[in-house]
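Hi,

Here is the structure I promised to pass on. Have a look at it first, and my notes follow below.

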Amino acid sequence: MSFQRFYETWFDQLKKIVRQLSQVPRPATSDQHRELHQQLVQKVVSHIYEYYRVKSLAANNDILSVYSAPWSTSLERSLHWIAGWRPTTAFHLIYTESSILFESHIIDILRGLRYGDLGDLSPDQLARVSELQCEAVREENSITDEFNDWQDSASEILGLMGDIEGKMEKLVEILEKADKLRMKTIENLVELLTPQQALEFLIASAHLQFGIRRWGINHDRQRENP
């Protein structure tokens with residue numbers, strides 16, 4: 001199966017999983033609910049891990065195809081960082097969702113009520129999110145520097161000089177570092193959050209992905225059929 005066909009199947013499965021996530025009871029009011037949340041969070045994380053596993057195989061087979069990402073829309077490709085989403089986007093999403101939910105619950109919060117959602121992040125959780133964000137920024141910058149160095153050597157590729165195969169291997173290495181950081185970012189945040197909060201984070205992340213893809217498809221269709 002080509003990676004494009006794999007991605008289409010994987011994306012459809014993600015939609016089904018997210019629909020399942022959206023139907024679970026929230027807030028968690030029992031151990032049974034919390035266990036269900038944890039099981040579903042792990043289901044999503046495993047699904048994401050499978051994506052990166054197969055992507056790594058595709059990259060080792062045809063790295064330039066993975067970077068060009070023909071299975072993505074023009075909008076999605078315009079947002080790519082090292083052939084995928086920028087890891088620090090996850091932190092911006094956490095802050096945005098937390099702020100929206102906090103503001104919507106402000107009256108109840110003043111009354112002492114809690115929902116256990118992303119609007120209820122504790123001071124310790126917020127501090128740790130900030131620490132993880134700083135770590136991710138440093139790693140992003142390091143990988144970006146490696147990619148810039150690789151691009152600076154493009155003249156050797158154009159001139160058919162040097163070790164071309166070695167340069168392609170380096171490109172695979174850079175991609176694998178970027179994908180490792182993407183996966184680590186998700187795992188770190190899921191570990192930090194409660195099962196309910198992790199569930200909400202993963203749902204919000206998926207909806208962002210769905211929305212960007214939908215807008216991208218509509219844009220590409222309009223461009224093809226003016």
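**Helix packing**

α5 and α10 are roughly perpendicular to each other, because that label covers angles of 65 to 115 degrees (under 35 is roughly parallel, over 145 roughly antiparallel, and the rest oblique). Their packing angle is about 110 degrees, with the axes 10 Å apart; axes here are lines fitted to C-alpha atoms, for helices over the stretch in contact, and angles run from 0 to 180 degrees between N-to-C directions. Helices are DSSP runs (H or I, at least four residues), numbered from the N terminus.

Before going further: this is a predicted model, with local features needing pLDDT of at least 70 and side-chain atom pairs counting only at pLDDT 80 or more, while totals for chains, interfaces and linings use all residues. Residues are numbered from 1 along each chain as its sequence is written, and side-chain values use heavy atoms, with hydrogens and water left out.

Back to that pair. The crossing of α5 and α10 is right-handed (the near helix is turned clockwise from the far one by less than a right angle). On the α5 side you'll find T89, A90, L93, I94, E97 and L101, which meet E200, F201, A204, S205 and L208 of α10; contact means heavy atoms within 4.5 Å. Sorted by class, this contact has seven nonpolar, two polar and two charged residues (Ala, Val, Leu, Ile, Met, Phe, Trp, Tyr, Cys and Pro are nonpolar, Asp, Glu, Lys and Arg charged, and the others, Gly among them, polar).

Now for α2 (residues 31–61) and α9 (residues 164–192): they pack at about 175 degrees, with axes 10 Å apart, and are therefore roughly antiparallel. Among the residues making the contact are V41, V45 and I48 of α2, and V172, L175 and E176 of α9. The contact of α2 with α9 divides into eleven nonpolar, two polar and four charged residues.

**Pocket and cavity**

Where is the space? The largest pocket holds about 780 Å³. A pocket is an open set of points on a 1 Å grid over the protein atoms alone, with protein on both sides within 12 Å along at least five of seven lines; a cavity is a set where a 1.4 Å probe fits but cannot get out, and lining residues have an atom within 4 Å of a point. Points are joined across faces, edges and corners, and a volume is the space filled by probe spheres set on them.

The largest pocket has 33 lining residues, with Y52, G84, W85, S205 and Q209 nearest its centre. α10 gives the largest share of that lining, seven residues. By class, the pocket lining has 22 nonpolar, six polar and five charged residues.

There is one cavity of 30 Å³ or more, and the largest cavity has a volume of about 50 Å³. Its lining is F91, L132, E135, A136, E139, L181, K184, T185 and N188, with α7 (123–152) and α9 each supplying at least two of the residues. Four of the lining residues of the largest cavity are nonpolar, two polar and three charged.

**One more residue**

L192 lies in α9. Leaving aside neighbours within four places in sequence, L192 is in contact with Q125, R128, V129 and L132.

Cheers
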